[in-house]
Amino acid sequence: MKNSSHRGRKGRPPSEMAASHAAIMDTVYALLHEKSVRDLTMEEVAKRAKVGKPTLYKWWPTKATLVLSMLCERMAPNLEKPSDRTAEESLRFRVRSLIGAFNGPFGKIVAGLIAESQSEPGVLQEFFDRWVSPRQRGMNAGELRSEAEPELLNDAIFGAIYYRLLLRSGPLTRRFGEELVEQVIRGHRSVHARS
């Protein structure tokens, strides 16, 4: 007699799904060390990860969503900031971490994903919300002057980083990041933060 707890259940057991998911993420990461996002194919990922294409398309409807998912798992943990920092410290940490990631294999992947996602506004929005959108805490806690616009400060800092990443107009160095943050926020610190 069959176990009634399995009656009506469809699909793979959770452990198999987790193993398939991990194999897919490992495969995408490995393939993107060998080729560009543009040259990556869903068929190649499915074949190398030993999963069916329907499984791949069920979880990620497009190549861009698959690559973004891999970035969220592999790059994001390196960018998470400690919660006990001031807004300026958090900003400096994000800039250092992002530049560090872009100087490794993730730089090429992010540039490729941005190019690939031009026809997928949802992917670009999710990417922006995850890594570019101003989320610094403390902006309204007296660290910056009240007239400072967080969105404009964010665009000035991260726009310059993405500009260098995508157009290769100059090196993405830690020193560049430090000087960039200082230049942008110098005139926006509150009197309290300066003291």
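**Aromatic pairs and burial in a predicted model**

Modeller: F102 is buried, at a relative accessible area of 6%. This is a predicted model, where local features need pLDDT of at least 70, side-chain atom pairs count only at pLDDT 80 or more, and totals for chains, interfaces and linings use all residues. Residues are numbered from 1 along each chain as its sequence is written, and side-chain values use heavy atoms, with hydrogens and water left out.

Colleague: Why is F102 called buried?

Modeller: Buried means under 20% relative accessible area, exposed over 50%, partly exposed in between (1.4 Å probe, protein chains only). F102 has 6%, so the residue counts as buried. Y162, with 8%, is buried too.

Colleague: What makes Y29 partly exposed?

Modeller: Its relative accessible area is 24%. That value falls between the 20% and 50% limits, so the term is partly exposed.

Colleague: How many aromatic pairs does the structure hold?

Modeller: There are 5. Rings of Phe, Tyr and Trp (its six-membered ring) pair if their centres lie within 6.5 Å; planes under 30 degrees apart count as stacked, over 60 as edge-to-face and the rest as tilted. In one of them, Y29 and F106 have ring centres 5.8 Å apart and planes at 40°, so this pair is tilted.

Colleague: How do you know that F106 is buried?

Modeller: Its relative accessibility is 8%.

Colleague: Why is the pair of F102 and Y162 called edge-to-face?

Modeller: The ring centres are 5.3 Å apart and the planes stand at 75°, so the pair is edge-to-face. Ring pairs also link F102, F127, W131 and Y162 into a cluster.
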